[in-house]
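Welcome! Take a moment to look over the sequence and the 3D view, and then we will walk through two features together.

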Amino acid sequence: MDFDFTSDQEGLRGLARQILTDVCTPEHLKAIAATDSGYDMDLWRALAAAGLVGIELPSSSEVGGGGLGFIETCIVLEECARVAAPVPALAVMALAIGALGSHPTLLGGVSDGSVIVTAALHEGVGYPLTPSCVVVGGRLTGAKVCVPAGLIAGSFVVSAADGLYAIDATAEGVALERQDTTTGIPEARITFMSAPAEKIGDLDALDA
């Protein structure tokens with residue numbers, strides 16, 4: 001059995017590596033770390049323009065993704081990690097996009113880098129696979145901590161006691177607070193106070 005990457009996959013790796021290494025010099029990383037957000041959104045948009053951000057999303061005109069798989073996503077993530085790229089790749093590409101892949105109406109602007117969608121999964125106290133947030137009448141109440149890219153996100157994938165929900169960052173009942181952690185990039189504590197939420201999956205989706 002051949003476990004080597006295909007020539008297309010190696011080409012993908014080369015493209016990601018070129019974009020990232022051209023930008024992510026030690027001096028540039030230090031300058032970005034000193035900004036309020038800690039993220040280089042110009043670099044993120046450059047990755048998006050190259051088709052790398054939405055690589056796993058459907059290739060429909062509505063979404064504009066690459067229609068490839070998780071292996072290709074991992075190749076891009078590996079290259080981001082190689083240079084410690086200050087972009088929200090893990091939050092968007094490995095977590096949130098996977099949860100929203102079958103909900104194209106919630107993915108507008110994600111592939112082109114203009115909208116950040118992230119996952120709010122961490123509990124202040126307790127285990128992530130037993131969420132404490134509850135939803136009553138389509139409105140979610142609870143809190144999440146250490147949300148990656150939470151301060152710059154346009155929407156959140158939030159775990160609740162009965163599954164996964166999508167919530168707009170500007171919705172009524174959403175309050176954000178900056179959290180500084182050992183990552184060196186600001187994260188967010190998010191409090192949801194009866195915030196309108198759209199269910200996108202059950203507990204099996206949370207496990208996935």
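## The two sides of a helix

The face of helix 1 turned away from its buried side carries Ser7 and Asp22, which are exposed. Keep in mind as you look that this is a predicted model.

Helix 1 covers residues 7-23, 17 residues in all. From its first C-alpha to its last it reaches 25 Å, close to the 24 Å expected at 1.5 Å a residue. Now, which residues of helix 1 are buried? They are Gln9, Leu12, Arg13, Ala16, Ile19 and Leu20. These residues sit on the same side of helix 1, because they cover an arc of only 135° around the axis.

## What covers the buried side

What lies over the buried residues of helix 1? The cover includes helix 3 (41-49) and helix 4 (70-82).

## A pair of aromatic rings

Next, let's turn to the aromatic rings. The count comes to 1 aromatic pair. Its partners are Phe156 and Phe192, arranged edge-to-face, with 6.3 Å centre to centre and 75° between the planes.

Where in the chain do the two partners lie? Phe156 belongs to strand 4 (residues 155-160) and Phe192 to strand 7 (residues 187-196). They are 36 residues apart, so the pair links distant parts of the chain.

Technical notes:
Residues numbered from 1 in each chain as written. Predicted model: local features only at pLDDT ≥ 70, side-chain atom pairs only at ≥ 80, totals over all residues. Heavy atoms only, no water. Phe/Tyr/Trp six-rings, centres within 6.5 Å; stacked < 30°, edge-to-face > 60°. Helix = DSSP H or I, 4+ residues; strand = E, 2+ residues; numbered from the N terminus. Expected span 1.5 Å × (residues − 1). Buried < 20%, exposed > 50% of the residue type's maximum accessible area, 1.4 Å probe, protein only. Arc of directions from axis to C-beta. Contact = heavy atoms within 4.5 Å.
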